[in-house]
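Here's a quick briefing to read alongside the model. Have the sequence and the 3D view open as you go.

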Amino acid sequence: MLQLDYDVPVDVRNAVGSQRKHTLGLGVRMQDGMPAPTGVSLKVEASYDDGRNWTRATTARKGSGFTATVARPSRVHGDAYVTLRVTATDAAGNSVTQTVDRAYQHRGA
């Protein structure tokens, strides 16, 4: 079973700053005691309206994990909560889709 790890650059109030874009760190792994997954692909989406609309984040490999750059849509003004949806698949056909409702706040400008 694939598992996801998140590294979100939030402050003590579980919020990121007001810049338009921010970068998350993501890890994909198997359960403890299982070999590391190979051929992993990752899709990250963010919603600023509790899952009604989704924007795809740009992903890239970084070391043994991934980064995802989340950009605030131009229609979103002020403080907003970000819901994340991450889908990971490996070469063996294992996959996981995980949605974290209101994962953190993105401060407005």
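There are five salt bridges here, counting a side-chain nitrogen of Lys or Arg within 4 Å of a carboxyl oxygen of Asp or Glu. This is a predicted model, where local features need pLDDT of at least 70 and side-chain atom pairs count only at pLDDT 80 or more, while totals for chains, interfaces and linings use all residues. Residues are numbered from 1 along each chain as its sequence is written, and side-chain values use heavy atoms, leaving out hydrogens and water.

**Salt bridges**
- Asp11 pairs with Arg107, with the closest N and O atoms 2.7 Å apart. That ties the loop between strand 1 (2-7) and strand 2 to the segment after strand 9, 96 residues apart.
- Arg85 and Glu45 meet at 2.8 Å, N to O, linking strand 8 to strand 4 across 40 residues.
- Asp5, Arg29 and Asp32 form a salt-bridge network.

- Strands count as paired if DSSP finds at least two bridges between them; strands 8 and 9 run antiparallel with nine.
- Strands 2 and 9 pair in the parallel sense over two bridges, with Ala15 opposite Gln105.

Terms used. Helices (H or I, at least four residues) and strands (E, at least two) are DSSP runs, numbered from the N terminus.
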